[in-house]
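The briefing is meant to be read beside the sequence and the coordinates.

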Amino acid sequence: MMRIPVLLPLGLTVLWLVLTETLTFGNVLLGLVVGFGMVLSFQKLRPVRPRLGRVRVAFGLAFKVLVDIVKSNFAVGRIVLGMTGGREVRSGFLDIPLDMRDPHGLAVLAMIVTATPGTVWSGLTDDSSVLKLHVLDLQDPEEWIRTIKQRYERPLREIFE
Amino acid sequence: MMPDIPTWVAVPATLLLIVGGLLTLVGSIGLLRLPNFFMRIHSVSMGNTLGVGCVLVASMLIASAVAHRPVIHELLITLFVVVTAPITAIVLMQAAIRRTKPPKP
């Protein structure tokens, strides 16, 4: 039997309610009908479904990412303004071997990488085993690979795999 | 007529707007200063992340104070920006890589 998804339609309904800011019965009903209808009909188009493992890890990860966004913003700002203390900034591409295969986890990783200035997702091999990243301040490639794998990939695998 | 905004909202909101504006400005200066496309894309994302984040939090504070109830529309903007930004970034990067590397004969 096909399992009926609950989380995504409910999430869409909440999104709709926040957007319209009206909590009437009719509006909630409209949100639920459109939410469930959309998700159920899209299941035929995209049958891959996320499995959420340890959701509690996600909060820790979100906080870490928030801190990293602030820190990397100021780091990139310093580089733009030339306040690097005379050190030459080398930017370049970096190949990171990934163990994660779940498309949802990879999508979230893409968001994290894009949301932190200083790193940009620039490609993924077809079997999603190697992530190509462009790093603005590439001092120590090994350190970057360790950071991405330990800090982001490991919790994402705990959540999605 | 300007609605009354209490000081304890106005001060943090103003600070956030200034910080957000400065971050976006520095990011835009990067567009002029950095030597190549791959480096410039990093500086633009400053305005796209913390810059826009500061403005959205300020907007939430002021809108909530004016409407006398919590206004959280801005969280949706954050969500949509975060979800859609990687798509543009990936497409731009792929295009840039393709253009800088001449095709193998």
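The structure is a predicted model. In it, 23 residues of chain A are in contact with 27 residues of chain B, and the notes begin with that interface.

**The side of chain A that touches chain B**

- Four elements of chain A, namely helix H1 (7-20), helix H3 (55-80), helix H4 (103-115) and strand S2 (119-124), each supply at least two residues of the side that touches chain B.
- The largest share of that side of chain A is six residues, and this share comes from H3(A).
- Sorted by class, the side of chain A that touches chain B has 15 nonpolar and eight polar residues, with no charged residues.

**Helix H3 of chain A against helix H1 of chain B**

- H3(A) packs with helix H1 of chain B (residues 7-33) at an angle of about 45 degrees, and their axes are 9 Å apart.
- H3(A) and H1(B) are therefore oblique to each other, and their crossing is left-handed.
- On the H3(A) side the contact is made by A:Asn73, A:Gly77 and A:Val80, while H1(B) brings B:Leu23, B:Val26, B:Ile29, B:Gly30 and B:Arg33.
- By class, the contact of H3(A) with H1(B) has four nonpolar, three polar and one charged residues.

**Helix H4 of chain A against helix H3 of chain B**

- H4(A) and helix H3 of chain B (residues 73-100) pack with their axes 8 Å apart and at an angle of about 80 degrees, which makes H4(A) roughly perpendicular to H3(B).
- In this contact A:Ala110, A:Met111, A:Thr114 and A:Ala115 of H4(A) meet B:Val82, B:Val83, B:Ala85, B:Pro86, B:Ala89 and B:Ile90 of H3(B).
- The residues of the contact of H4(A) with H3(B) divide into nine nonpolar and one polar, with no charged residues.

**The largest nonpolar core**

- The largest nonpolar core has 41 residues, and those with the most contacts inside it are A:Leu109, A:Val113, A:Trp121, A:Leu156 and B:Ala58.
- Two or more residues of this core come from each of H3, H4, S2, strand S3 (130-135) and helix H5 (141-160) in chain A, and from each of H1, helix H2 (37-67) and H3 in chain B.
- H2(B) gives the most to this core, with 12 residues.
- Leaving aside residues up to four places away in sequence, A:Trp121 touches A:Ala110, A:Val113, A:Thr114 and A:Leu133 in chain A, as well as B:Pro86, B:Ala89, B:Ile90 and B:Met93 in chain B.

**Partly exposed helix residues**

- B:Ala63 is found in helix H2 of chain B, and B:Ala63 counts as partly exposed because it has 16 C-beta neighbours inside 10 Å.
- Although B:Ala63 and B:His73 are 10 residues apart in sequence, their C-alpha atoms are 9.7 Å apart in space.
- A:Leu32 has its place in helix H2 (residues 25-45) of chain A, and A:Leu32 is partly exposed, with 15 other C-beta atoms within 10 Å.
- A:Leu32 and A:Pro9 are 23 residues apart along the chain, and their C-alpha atoms are separated by 7.0 Å.

**Loop residues with positive phi**

- A:Glu21, in the loop between H1 and H2 of chain A, has a positive phi of about 55 degrees although it is not a glycine.
- With 12 C-beta neighbours inside 10 Å, A:Glu21 counts as exposed.
- B:His68, in the loop between H2 and H3 of chain B, is not a glycine and yet has a positive phi of about 60 degrees.
- B:His68 is exposed, with 8 other C-beta atoms within 10 Å.

Note on methods
Residues numbered from 1 in each chain as written. Chains lettered and ligands numbered in written order. Predicted model: local features only at pLDDT ≥ 70, side-chain atom pairs only at ≥ 80, totals over all residues. Contact = placed C-beta atoms within 7 Å. Nonpolar A, V, L, I, M, F, W, Y, C, P; charged D, E, K, R; others polar. Axes fitted to C-alpha atoms, helices over the stretch in contact; angles between N-to-C directions. Parallel < 35°, antiparallel > 145°, perpendicular 65-115°, else oblique. Left-handed = near helix turned anticlockwise from the far one by under 90°. Core = buried A, V, L, I, M, F, W, Y, C linked by C-beta atoms within 7 Å. Buried ≥ 20, exposed ≤ 12 C-beta atoms within 10 Å, placed from the backbone.
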